[in-house]
Every structure is written in C-alpha cells, then in structure tokens.
Amino acid sequence: MSHHCDTIVIRCMDFRLRKAFDAWADEQYGDYDGVGMAGGARALIDTDPATRATALKQFQISVELHTPGRAVLTVHQDCGAAGGSAAFGKDAARERKACETDLHAADQVLRKHFPSLTTVLVIQTLDGTVTVVS
Ligand SMILES: [Zn+2]
C-alpha cells in the first residue's frame, strides 16, 4: 500500500497554538505529516544533539514513508524553548527578529540533510495569526 503526502510540518507542542495552527495548515496543505516538539523548528538547532537528532529522524521517516516535497518550519511568540517573550523584555520586534533568525538557522540545517525539500518558514503569534516569512 502506497501513501503519500506533500508536506511535513514541525511545530511546537504548545497547546496554545495548536487549534489555530492546525486550521491554517489544514487549509494550506490538506494532509501533512505533523511533528510536534518543544520549540518547533528550534528543535533542529537545539544545543542538545539528541534533540536535533530526534527532530531530523522525524523528517527522515517522513521522507522515506510519505515522500513529501515541502517542509513547513514553524516557531511562535512566547515560546518556552526560547525563554518566552520575557527573554526579549517583552519587545515584540526583538522577539520576532529572533524567531526569524532561528527559522533561518533551522532551515539551513534541514536543507543540509534534506536538500530535496523546499521549505516554508512560519511564525505564529499567540492571537493565532500565522505569518509566512519566506
Ligand atoms: Zn513553544
């Protein structure tokens, strides 16, 4: 039996984001492989090699089983994996820039391991807004 989906998504496990994110992703991509890890795409650049390996393994399994061509990398506002908004002194612009920096770093890691995947970089805010940054 063959089964395929076009997209794999990595998002944070944080319950506050799930419903709005899933609604957006369902509309954008339909069926997709979903990876939920603390920090979302930040798991790909975590300081702990075991966390990075676990995240990459999920992509490997998805690519082998479901042959997606697209990876959606997500991070979000007030993520505990980045110290929450408090780590940025509640400066939304500074936090957003850090989100973008982390997304681009995660993107580099993923492309190195899976050059066939095209990537979509996404930031979600706590009000549910999902923004594609590239
Ligand atoms: Zn989070």
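Read along the sequence, the chain follows the pattern β-α-β-α-β-α-β-β. The model is predicted: local features need pLDDT of at least 70 and side-chain atom pairs count only at pLDDT 80 or more, while totals for chains, interfaces and linings use all residues. Residues are numbered from 1 along each chain as its sequence is written.

**Exercise 1. State how many helices and strands the chain has, and give the strand order of the sheet.**

Step 1. The secondary structure amounts to 3 helices and 5 strands; helices (H or I, at least four residues) and strands (E, at least two) are DSSP runs, numbered from the N terminus.

Step 2. The 5 strands of an open sheet are ordered S2-S1-S3-S4-S5, with mixed pairing. Two strands pair if DSSP finds at least two bridges between them.

Step 3. S2 and strand S5 (130–132) are at the edges with a single partner strand each, so one side of each has no neighbour in the sheet.

Step 4. S1 and S2 run parallel and are joined by 4 bridges. In S2, Gly-36 is the bridge partner of Arg-11.

**Exercise 2. Describe where Gly-40 lies and explain why Gly-40 is classed as buried.**

Step 1. Gly-40 is in the loop between strand S2 (33–36) and H2.

Step 2. A residue is buried if 20 or more other C-beta atoms lie within 10 Å of its own, exposed if 12 or fewer, and partly exposed in between, with C-beta atoms placed from the backbone.

Step 3. Gly-40 has 33 other C-beta atoms within 10 Å, and is therefore buried.

Step 4. Leaving aside neighbours within four places in sequence, the contacts of Gly-40 include Ile-10, Cys-12 and Val-75. Contact means that the C-beta atoms of two residues, placed from the backbone, lie within 7 Å.

**Exercise 3. Find which residues touch the most other members of the largest nonpolar core.**

Step 1. A nonpolar core is a set of buried Ala, Val, Leu, Ile, Met, Phe, Trp, Tyr and Cys residues joined through C-beta atoms within 7 Å.

Step 2. The largest such core has 29 residues, and Ala-41 and Leu-73 touch the most other members. Among the elements that give two or more residues to this core are strand S3 (70–76) and helix H3 (92–113).

Step 3. Beyond four places in sequence, Leu-73 is in contact with residues including Ala-41, Leu-103, Leu-110 and Leu-121.
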